[in-house]
Amino acid sequence: GINMKLKLIVFFFALVLLSTNIYSQGEAAVPFLVLQQSPQFTGAAQVGVAVPPIDPMGFYLNPAVLGETSKEFNFTTLFLPSKVDWLSFGRYEFSTFGLSLGYNFEKSFLDIPLSIGFGFIKNRFDYGEFVRMGPESPDPIGTFNPYDEFSSFSFGIGYEFYLYFSLGISTKKFKSLLRDSPMGETSGIGSAEGNAADYGFLISAPISKLFYNNFVFKVKDNWAMQPKTNISLGYSLTNIGDEISYIDQAQSDPIPRTARLGYNINLGFDLVENDFRFNLFDYYFIAEAEDILIKREEENDYKTEYQDWMGDISFGKHVIGLKGDDEVVVRKAHMFRFLETFTYSIGRFDGRGFYNRKSNGFVISTTGLSKYLSSNFDNDVIQFVADHISIEYYITTLFVDWWETDITGIGIILKNFSF
């Protein structure tokens, strides 16, 4: 009957669609809240806690990222031109939309090394159409469409004092509708709503700026090559909220409170001539550990409880050793960015229900072309576009060589405005 189908939806989504094996951690509800929303970082193993500030929607898993992206980005938006066919089943559809606002006060008359950013993301996961049957007959009496959705508002602030220090907070409202009418003797309709909060910090060390900012080697005429090195460390605690229930309050479940700890190492080269700077190449190595902070106490009638802020994450084993296990997922990714135009990402994640899952992604940006044109043509419009406007196209595949999920997205970025 339909009740069994609905149970299968919840079970299948939690155990297979997300492949996070949350239920082994303690039967968390609304597992869709743990999904990375950025197509670019989804292609990089779904990293998100210490990511480079190059992506419009990179702040979902750590709102502190807004403190860094707001140094350059004034307005960004991301949308998916078509819904995502989750796991290529032809039934489950995923969509997301987001935007952010940012301002760098160092570029204003105040001239202080402070930046602030605001972000919004709306996500929806549709399970397809289901047939509704009457209580006494298997004959169809209608249809309904179960779904999960959330809206998230984020704020981040960054300050530079030798290092870049960023803090962030998010608040999100979510709804999960698994049935839209009562069934049998139950009075609830099978829906749940709730609120959650996220917190995060990010510390970035601009190694090259601190220790060899003036180191360049001449290439030709007035052109010079300048190496750069940056290291970031991030932590976030997401989905902090009350337990929810669909029908019976006595059978409530916790939402997936999640801790993430990771780092990002960036190496690259810039081509410089006076005030003109063009990034030739960037390489990013990103690694992070993720733990859903829910445990069931066998000695206390399997009652769920939340772990502390680090859970089972071990800095040595998981973050440095990069070894996943039954409790902690370890994600690691390589990103290669060429000429501010092409970015290729490849990632792997392992642990807590995963076995060496892979992802990859490709980004095409207009930034490199517009910068090249502006350096070769003395045109005010081209110069304005090069300084302030970028359009990016994302192509990502999650679960490579498994149930592949393809995601495409478009990002629009307005940047480097000062008022």
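This is a predicted model: local features need pLDDT of at least 70, side-chain atom pairs count only at pLDDT 80 or more; totals for chains, interfaces and linings use all residues.
Biologist: What is the overall make-up of the chain, and how much of it is buried?

Modeller: The chain has seven helices and 20 strands. Of its 419 residues, 53% are buried. Among contacts between residues at least 6 apart in sequence, 63% join residues at least 24 apart.

Biologist: Why is Asn264 called buried?

Modeller: Buried means under 20% relative accessible area. Asn264 has 3% relative accessibility, and therefore counts as buried. The residue lies in strand E12, which covers residues 258-273. Leaving aside neighbours within four places in sequence, Asn264 is in contact with Ala50, Val51, Pro52, Asn230, Ile231, Ser232, Tyr284, Phe285 and Ile286.

Biologist: Why is Asn123 placed in the buried class?

Modeller: The cut-off for that class is under 20%. Asn123 has a relative accessibility of 2%, so the residue counts as buried. Its place is in strand E4, residues 114-126. Beyond its neighbours within four places in sequence, Asn123 has contacts with residues including Phe32, Gln37, Phe94, Asp148 and Phe150.

Biologist: How far apart are Asn123 and Ser151, in sequence and in space?

Modeller: Asn123 and Ser151 are 28 residues apart in sequence, and their C-alpha atoms are 6.6 Å apart in space.

Biologist: Gly119 is also found in strand E4. What makes Gly119 buried or exposed?

Modeller: The relative accessible area of Gly119 is 6%, and because buried means under 20%, Gly119 is buried. Apart from neighbours within four places in sequence, its contacts are Phe59, Leu66, Leu99, Ser100, Ser152, Phe153 and Ser154. Gly119 and Pro56 are 63 residues apart in sequence, with a C-alpha to C-alpha distance of 9.3 Å.

Biologist: What is noted about the backbone of Tyr162, and why is this residue called exposed?

Modeller: Tyr162 has a positive phi of about 65 degrees although it is not a glycine. Exposed means over 50% relative accessible area. Tyr162 stands at 58%, and therefore counts as exposed. The residue is found in the loop between strand E7 (147-161) and strand E8 (163-177).

Biologist: Which class does Asn239 belong to, buried or exposed, and why?

Modeller: Asn239 has a relative accessible area of 0%; this value is under 20%, so Asn239 is buried. Asn239 lies in strand E11, residues 223-240. Its phi is positive, at about 60 degrees, although Asn239 is not a glycine.

Biologist: How do you know that helices H6 and H7 are in contact, and which residues take part?

Modeller: Contact means heavy atoms within 4.5 Å. The contact is made by Ser370, Lys371, Leu373 and Ser374 of H6 with Ile382, Gln383, Val385 and Ala386 of H7. By class, these comprise four nonpolar, three polar and one charged residues. The axes of H6 (residues 367-376) and H7 (residues 380-388) come within 8 Å and cross at roughly 140 degrees. H6 passes H7 in a left-handed crossing.

Biologist: What makes a residue part of the lining of the largest pocket, and which residues lie nearest its centre?

Modeller: Lining residues have an atom within 4 Å of a point of the pocket. The lining of the largest pocket has 49 residues, of which Glu72, Tyr164, Lys228, Asp270 and Arg277 lie nearest its centre. By class, 13 are nonpolar, 18 polar and 18 charged. About 1,600 Å³ of space lies in this pocket.

How values were computed. Residues are numbered from 1 along each chain as its sequence is written. Side-chain values use heavy atoms; hydrogens and water are left out. Axes are lines fitted to C-alpha atoms, for helices over the stretch in contact, and angles run from 0 to 180 degrees between N-to-C directions. Helices (H or I, at least four residues) and strands (E, at least two) are DSSP runs, numbered from the N terminus. A crossing is left-handed if the near helix is turned anticlockwise from the far one by less than a right angle, and right-handed if clockwise. Ala, Val, Leu, Ile, Met, Phe, Trp, Tyr, Cys and Pro count as nonpolar, Asp, Glu, Lys and Arg as charged, and the others, Gly among them, as polar. On a 1 Å grid over the protein atoms alone, a cavity is a set of points where a 1.4 Å probe fits but cannot get out, and a pocket is an open set with protein on both sides within 12 Å along at least five of seven lines; lining residues have an atom within 4 Å of a point. Grid points are joined across faces, edges and corners, and a volume is the space filled by probe spheres set on the points. Buried means under 20% relative accessible area, exposed over 50%, partly exposed in between (1.4 Å probe, protein chains only).
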